[in-house]
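Please look over the sequence and the 3D structure shown below. The briefing that follows takes up a pair of helices, then one further helix, and then a few single residues.

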Amino acid sequence: MKESSTSIKALLPVLFGFFIMGFCDVVGIATSYVKADFGLSETIAGFLPSMVFLWFLLLAVPAAIFMNRIGRKKMVLVSMLVTIVGMIIPFIDYNLYTCLIAFALLGIGNTILQVSLNPLLTNVVKGNVLASSLTAGQVLKAVSSFCGPFIAAFAATVLGNWQYLFPIFALLTLISMGWLMLVHIREESPEQSTSSWGATFGLLKDRTILLLFLGIVFVVGVDVGINTVAPKLLIERCGFDVTGAGVGSSVYFAFRTIGAFVGTFLLARVSGSKYFRVNILVAIAAMIVLFFMSGQYSILVLIALIGFTCSSIFSLIFSMAIQARPEKANEISGLMVTGIFGGAVIPPLMGYCTDLIGTQVGSLIVILGCMCYLLYCSVGIKTRK
């Protein structure tokens with residue numbers, strides 16, 4: 001009984017860590033604010049999300065290696081400390097360079113957190129409770145992503161400056177860090193040797209794993225791309241100011257959360273590959289219609305539909321990769337987390353195409369291209385099964 005109560009006591013601060021994980025998605029609306037504050041071009045502004053997501057490519061595997069040395073809980077605490085430092089810097093001295101440093105530290109902290117928090121959860125809960133706890137964690141992450149634009153709007157309107165977002169995030173992260181430090185979590189020594197760079201990336205020689213890895217790259221690109229372009233569409237086509245345009249990102253994340261809930265039940269009844277294919281087809285159709293819409297409600301409805309249909313694709317690709325090579329589950333997990341660097345590649349390409357064309361249509365073309373690859377991926381998975 002004592003062990004059970006201890007696990008429940010430890011579960012809550014670990015789950016709250018998933019809320020902190022969602023902070024990286026605020027880069028979408030933050031990019032709009034920073035672009036307006038410093039008069040950046042679309043191409044330069046497109047590099048701001050890159051400062052967050054580049055680190056998934058560079059640090060995911062090294063973070064896993066280091067985690068085996070210091071333990072999972074300590075690794076989570078390190079990630080939160082890095083996040084706090086990143087959020088304090090631009091509030092002390094706000095300029096373009098401190099914003100870039102803040103986004104970089106946010107990305108580094110988030111990479112370490114994504115690598116270490118899921119394994120830490122397995123030390124707290126077991127069996128069937130683990131699956132439901134993982135789902136609850138992802139929902140909390142989505143709720144955090146949904147709240148980000150509203151926190152920014154609250155800081156801008158009530159507190160007088162959107163930059164108060166930074167200390168708010170720092171305070172929430174400090175609370176999460178302190179809460180986790182207060183609980184004891186028993187960690188077992190790793191039974192397997194740590195994966196190396198060579199062993200992990202060598203899996204890309206398997207064509208199925210390569211297909212799915214690129215799927216992760218592009219689905220994260222779609223996610224970050226829609227998050228970034230939604231406020232810009234409302235500004236460009238509907239005359240919204242930057243604060244009001246944050247509703248575009250919030251609608252996207254709200255329906256992504258709803259879609260994840262619905263997907264949890266539907267995937268118990270239909271095949272993953274069919275669900276993947278149908279959803280990406282609907283998302284592509286919504287994206288094509290979005291090219292021609294100018295009314296705020298029609299834009300928000302289409303963004304909501306894209307969020308709903310794309311909500312489960314990341315987890316589907318991740319699980320399919322594990323099932324393709326179950327004997328290499330650890331290496332594949334590290335590889336798929338590395339694929340999140342797609343969030344660093346797609347936004348600069350969107351910015352370049354937008355500057356080239358002169359409207360956000362350039363960004364939509366890039367996102368549509370990512371979706372078309374995902375459609376190819378869904379068909380390719382079926383042909384290899």
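**How H10 meets H14**

In H10, the residues Val-222, Ile-226, Ala-230, Leu-234, Arg-237 and Cys-238 are in contact (heavy atoms within 4.5 Å) with Gln-296, Ile-299, Leu-300, Ile-303, Ile-306 and Cys-310 of H14. The residues of this contact between H10 and H14 divide into 10 nonpolar, 1 polar and 1 charged, where Ala, Val, Leu, Ile, Met, Phe, Trp, Tyr, Cys and Pro count as nonpolar, Asp, Glu, Lys and Arg as charged, and the others, Gly among them, as polar. This is a predicted model, in which local features need pLDDT of at least 70 and side-chain atom pairs count only at pLDDT 80 or more, while totals for chains, interfaces and linings use all residues. Residues are numbered from 1 along each chain as its sequence is written, and side-chain values use heavy atoms, with hydrogens and water left out.

**The H10 and H14 pair**

- Helix H10 covers residues 207-238 and helix H14 covers residues 296-310, and their axes come within 11 Å and cross at roughly 175°; helices here are DSSP runs (H or I, at least four residues), numbered from the N terminus, and axes are lines fitted to C-alpha atoms over the stretch in contact, with angles from 0 to 180 degrees between N-to-C directions.
- H10 and H14 are therefore roughly antiparallel to each other, a term used for angles over 145 degrees.
- H10 has 32 residues and reaches 44 Å from its first C-alpha to its last, close to the 46 Å expected at 1.5 Å a residue, the expected span being 1.5 Å times one less than the number of residues.
- At Val-229, H10 bends by about 30°, and a proline, Pro-231, follows within four residues; the bend is the angle between axes fitted to the seven residues ending at a residue and the seven starting there.
- Because 23 of its 32 residues are buried, H10 is largely enclosed by the rest of the structure, with buried meaning under 20% relative accessible area (1.4 Å probe, protein chains only).

**Helix H4**

- H4 spans residues 47-70, and its 24 residues reach 33 Å from first C-alpha to last, close to the 34 Å expected.
- A bend of about 55° occurs in H4 at Leu-59, and a proline, Pro-62, follows within four residues.
- Buried residues of H4 include Leu-48, Val-52, Phe-53, Trp-55, Phe-56 and Met-67.
- Just after H4, Gly-71 takes a positive phi of about 100°.
- Ser-50 lies in H4 and is buried, with a relative accessible area of 7%.
- Leaving aside neighbours within four places in sequence, Ser-50 is in contact with Gly-343, Ala-344 and Pro-348, and although Ser-50 and Pro-348 are 298 residues apart in sequence, their C-alpha atoms are 7.3 Å apart in space.

**Single residues around H10**

- Ser-249 sits in helix H12, residues 247-266, and counts as buried at 0% relative accessibility.
- Beyond neighbours within four places in sequence, Ser-249 is in contact with Pro-149, Asn-227, Ala-230 and Pro-231.
- Leu-290 belongs to helix H13, residues 272-290, and is buried, with a relative accessible area of 0%.
- Not counting residues up to four places away in sequence, Leu-290 touches Leu-233, Arg-237, Ile-299, Leu-302, Ile-306 and Leu-364.
- Ser-294 is placed in the loop between H13 and H14, and, leaving aside neighbours within four places in sequence, is in contact with Arg-237, Cys-238 and Ile-299.

Technical notes: Helix = DSSP H or I, 4+ residues; strand = E, 2+ residues; numbered from the N terminus. Buried < 20%, exposed > 50% of the residue type's maximum accessible area, 1.4 Å probe, protein only. Parallel < 35°, antiparallel > 145°, perpendicular 65-115°, else oblique.
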